[in-house]
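Dear colleague,

Please find below the structure that I am handing over to you. My account of what was found follows it.

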Amino acid sequence: MSGEVSSGRKGWKPSLDTWAVILALALALLVRADVFKKIPW
Amino acid sequence: MATSIAVSKVESEKTPAKIFDLVPGILLLAGVGYAGKSLEKFLNTYAKAHHWTFPNIEYVLWAILIGLVISNVLTVPKIFQPGIATYEFWLKVGIVLLGSRFVLADVLKLGGISLALVVIEISLSLVLMHALGRAFHLTPKLTSLLAVGSSICGVSAIIAAQGAIDADEQDSTFAISAVLALGALALFSFPLIGHSLHLSDGSFGLWAGLGVDNTAEATATGALYSDAAGKVAVLAKTARNAMIGFVVLAYAIYWAKRGQAGAVGNKAGFLWKKFPKFVLGFLAISLLVSLHSFTKDQVTSLGNLSRWAFLLTFAGVGLRTNFRQLSKQGLRPFVVGALGEVLIAALTLGLVLGASRIWGL
């Protein structure tokens with residue numbers, strides 16, 4: 001799917017893909033730390 | 001609307017929407033998704049209480065249908081559009097979290113089978129779409145975009161290729177519309193064909209991942225068949241998405257050599273830029289689960305988080321599909337796309353049936 005949005009001289013700017021990975025890993029970390037004890041479905 | 005969303009996605013790369021602009025649309029996605037989930041539960045409970053024989057219609061279908069009704073019968077106010085366009089973001093979050101439901105050994109085995117089939121599928125699809133494009137006298141760049149969209153990854157691949165080969169925005173709009181319209185048809189036709197052929201969950205998931213172009217529709221098509229098929233569809237589609245950089249790079253070099261696109265400088269950098277990063281996130285979570293970094297309950301929670309993210313995606317698939325807008329985009333690209341898709345679907349089905357005989361999917 002889509003790649004990085006932009007980079008270059010102005011510095012690294014995360015793409016939507018990267019933000020999705022960051023959010024998912026942050027959620028996994030919160031589950032691991034038992035901040036979210038049980039996510040129902 | 002589909003087109004306008006696709007175009008706004010390109011624009012959003014330049015001017016990202018403010019976070020507050022996204023809230024109404026995200027709330028609508030959540031509302032539609034939750035309504036679909038509640039409707040499934042309500043109908044099952046009602047049918048059971050009244051001793052009715054009622055087929056279990058998955059929340060996936062309800063969420064998509066409610067979204068379709070809203071976007072095609074009513075008019076979705078502009079205030080909701082930026083948030084609705086985030087459905088692809090939730091899809092990627094869901095895919096990364098879905099890694100928790102795969103042990104790495106399964107990912108390697110199924111991913112390996114998928115990759116082998118993906119290489120065959122991409123090669124045949126590219127040849128086929130170019131032959132059809134020539135036969136129907138489409139412009140070469142529109143043909144390239146349709147070939148990229150139908151061989152790899154739908155809308156995102158088309159957007160990535162548009163920039164790389166300097167294609168017209170109108171060509172990419174045509175190609176995106178064809179891919180979206182055909183994805184909507186696949187949602188309903190693939191499960192019917194799968195059930196009539198009594199395909200196993202593994203075989204159907206693999207077929208959906210290989211045969212349906214857009215990742216959101218491939219995920220929804222697999223999930224419509226069964227939960228297990230949905231998992232396999234995501235894995236197969238992820239393997240297909242991983243190839244995007246190579247195919248777009250090949251097209252970029254081809255058009256640059258003809259003097260009709262900018263030259264590609266650093267090829268490794270180009271590949272990394274186009275590589276879908278969520279594939280790495282998916283593998284990371286799968287690795288962590290395989291290393292027993294999470295308890296059983298935590299793995300269940302991660303799987304459920306993935307389902308919630310997909311729920312928003314399925315609502316978005318319905319809400320962004322507007323048949324009136326799609327029908328305005330012209331018949332020829334759609335006919336080429338449709339012919340190509342039918343042939344690719346038949347071809348991938350043959351590949352999957354062959355693979356299931358060899359590897360027992």
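How far does helix α17 (residues 331-359) of chain B reach from its first C-alpha to its last? It reaches 41 Å over 29 residues, close to the 42 Å expected at 1.5 Å a residue, where the expected span is 1.5 Å times one less than the number of residues.

Two notes on conventions come before the rest. This is a predicted model, in which local features need pLDDT of at least 70 and side-chain atom pairs count only at pLDDT 80 or more, while totals for chains, interfaces and linings use all residues. Residues are numbered from 1 along each chain as its sequence is written, and chains are lettered from A and ligands numbered from 1 in the order in which they are written. Helices (H or I, at least four residues) and strands (E, at least two) are DSSP runs, numbered from the N terminus.

The buried residues of α17(B) include Pro333(B), Val336(B), Gly340(B), Ile344(B), Leu351(B) and Ala355(B); a residue is buried if 20 or more other C-beta atoms lie within 10 Å of its own, exposed if 12 or fewer, and partly exposed in between, with C-beta atoms placed from the backbone. After α17(B) comes Gly360(B), which has a positive phi, near 60°.

Helix α11 (residues 227-241) of chain B has 15 residues, which at 1.5 Å a residue should span 21 Å; its end C-alpha atoms are 21 Å apart, in agreement. Of these 15 residues, 13 are buried, so α11(B) is mostly covered.

**Helix pairs in chain B**

The axes of helix α6 (residues 104-135) of chain B and α7(B) come within 9 Å and cross at roughly 150°. Axes here are lines fitted to C-alpha atoms, for helices over the stretch in contact, and angles run from 0 to 180 degrees between N-to-C directions. The two helices are therefore roughly antiparallel (angles over 145 degrees; under 35 is roughly parallel, 65 to 115 roughly perpendicular, and the rest oblique). Residues of α6(B) that meet α7(B) include Ile122(B), Leu126(B) and Met129(B), and among their counterparts in α7(B) are Leu146(B), Ala147(B) and Ile152(B). Contact requires C-beta atoms, placed from the backbone, to lie within 7 Å. By class, this contact has six nonpolar, six polar and no charged residues. Ala, Val, Leu, Ile, Met, Phe, Trp, Tyr, Cys and Pro count as nonpolar, Asp, Glu, Lys and Arg as charged, and the others, Gly among them, as polar.

Phe136(B) lies in the loop between α6 and α7 of chain B. Phe136(B) is partly exposed, with 13 other C-beta atoms within 10 Å. Not counting residues up to four places away in sequence, Phe136(B) touches Arg332(B), Val335(B) and Val336(B).

Helix α3 (residues 59-73) and helix α10 (residues 215-225) of chain B have axes that come within 8 Å and cross at roughly 135°. That makes α3(B) oblique to α10(B). Val60(B), Leu61(B) and Ile64(B) of α3(B) make the contact with Ala220(B), Ala223(B) and Leu224(B) of α10(B). This contact has six nonpolar, no polar and no charged residues.

**Chain A and the interface**

Chain A has one helix and zero strands, and 29% of its 41 residues are buried. The contact between the chains takes 31 residues from chain B and 23 residues from chain A. On the side of chain B that touches chain A, α15(B) gives the largest share, seven residues. That side has 16 nonpolar, eight polar and seven charged residues.

Yours sincerely

Technical notes
Contact = placed C-beta atoms within 7 Å.
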